[in-house]
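Here are a few notes to read alongside the model. Have a look at it first, then go through the points in order.

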Amino acid sequence: MGVLREVKKAGRLGNLVREEIGNKLSSVGLGHLLAELPAYQERSVILYVNGGPVGKVVQAVIDNPSHESADQLRTLNTSEAQDKLRRITEIVQEQTEGPT
């Protein structure tokens with residue numbers, strides 16, 4: 001937040017300054033996490049490009065659940081992660097079926 005404050009050339013991170021910073025970030029296509037910009041310069045925020053890969057994931061998590069947001073989150077699964085999940089499922093099924 002200290003860097004954003006310096007870029008804004010503001011003395012303090014009051015409500016109005018934080019609102020202006022948030023609006024400026026949005027106007028250039030950037031989003032931020034935490035949802036509300038902190039009032040303390042020592043606090044960190046994550047900036048991301050709206051509509052970019054991270055932005056799509058953030059929106060998928062924040063927005064109301066939908067098929068589109070679930071699909072976006074599924075894209076995070078790598079083939080390795082899917083293979084592990086498949087193997088875990090097989091092991092659980094083997095354990096619940098018992099010896100044959």
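1. Start with histidine 32, which touches Gly22, Leu25, Leu37, Ile46, Leu47 and Tyr48, leaving aside residues up to four places away in sequence. Contact here means heavy atoms within 4.5 Å. Histidine 32 sits in strand E1 (residues 30-33); strands (E, at least two residues) and helices (H or I, at least four) are DSSP runs, numbered from the N terminus.

2. Is histidine 32 buried or exposed? Histidine 32 counts as buried because its relative accessible area is 16%, and buried means under 20%, exposed over 50%, and partly exposed in between (1.4 Å probe, protein chains only). Its side chain also reaches the backbone oxygen of leucine 34 at 2.8 Å.

3. A word on the source: this is a predicted model, where local features need pLDDT of at least 70, side-chain atom pairs count only at pLDDT 80 or more, and totals for chains, interfaces and linings use all residues. Residues are numbered from 1 along each chain as its sequence is written, and side-chain values use heavy atoms, with hydrogens and water left out.

4. Now the largest nonpolar core: its nine residues are Met1, Leu4, Ala10, Leu13, Val17, Ile21, Leu25, Leu37 and Val45. Helix H2 (residues 15-27) gives the most to this core, three residues. Such a core is a set of buried Ala, Val, Leu, Ile, Met, Phe, Trp, Tyr and Cys residues joined through side-chain atoms within 4.5 Å.

5. Valine 17 touches Lys8, Ala10 and Arg12, again not counting residues up to four places away in sequence.

6. Valine 61, in helix H3 (residues 53-62), is exposed, because its relative accessible area is 56%.

Methods:
Polar contact = N/O pair within 3.5 Å; in protein donor to acceptor, adjacent residues only side chain to side chain.
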